[in-house]
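I opened this model to look up a few local features. My notes follow the order in which I checked them.

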Amino acid sequence: MASLFRPALDLMAQYAAYHRDRRNITTHFIGIPLIVFAISALLARAEFALGDTPMNAAIVLWALSALWYLTRGNLMLGAATAIVNGVLTALAMTVAAQGSTTGWLAISLGAFVIGWVFQFIGHYYEGRKPAFVDDLVGLLVGPMFVVGEAMFMLGWGRPMLEEIERRVGPTHLRDLAHPV
């Protein structure tokens, strides 16, 4: 596994190398948020207190990951990723706080499984294994990549996008009838 503390551009370019098919990227817009939500929902019931402050493992994971995203050298991308993950964590905590254990597990595990189904469908289109298989840091980079791709679509980060494409090539649609 390569260093956990590489700059955002290097992390994004490495992850992008496994995600050049536009259909794969599209499936990640569904799969990755579902997985982040599911993990947060599962961890939200692991509750404890810090002094008089109620806490849970989902908040701790969000805070640690937010710190990591914010220190990758691109404050805008890091902040946007931390905010998106924070919203997903807040939604997950509402699921964890309501209903029965069966309902909580059904929603959490269902979202987790459906998220991974979308991921693997995307990698079928890509014709390549997921990035985390070669580098577990890819599990942290995935949410940043999806947020970055959304920001690129909105016109933010043109220099970063150009550098990623210089390193790993532009996105495309892989010909499934005639794979390389």
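I began with a strand pair: Phe48 has Met55 in β2 as its bridge partner. I am reading a predicted model, where local features need pLDDT of at least 70, side-chain atom pairs count only at pLDDT 80 or more, and totals for chains, interfaces and linings use all residues. Residues are numbered from 1 along each chain as its sequence is written, and side-chain values use heavy atoms, with hydrogens and water left out.

Next I looked up the strands themselves. β1 (residues 47-50) and β2 (residues 53-56) run antiparallel and are joined by 4 bridges. Strands pair if DSSP finds at least two bridges between them. Strands (E, at least two residues) and helices (H or I, at least four) are DSSP runs, numbered from the N terminus. The hairpin of β1 and β2 has 2 residues between the strands, and Gly51 takes a positive phi near 65°.

Then I turned to two helices. The axes of α1 (residues 8-16) and α6 (residues 138-153) come within 9 Å and cross at roughly 95°. Axes are lines fitted to C-alpha atoms over the stretch in contact, and angles run from 0 to 180 degrees between N-to-C directions. That makes α1 roughly perpendicular to α6 (65 to 115 degrees).

Last, I checked Phe120, which is in helix α5 (residues 101-126). Is Phe120 buried or partly exposed? Phe120 is partly exposed, at 46% relative accessible area (buried is under 20%, exposed over 50%, partly exposed in between, with a 1.4 Å probe and protein chains only). Phe120 and Pro130 are 10 residues apart in sequence, and their C-alpha atoms are 7.9 Å apart in space.

Key:
Angles under 35 degrees count as roughly parallel, over 145 as roughly antiparallel, 65 to 115 as roughly perpendicular and the rest as oblique.
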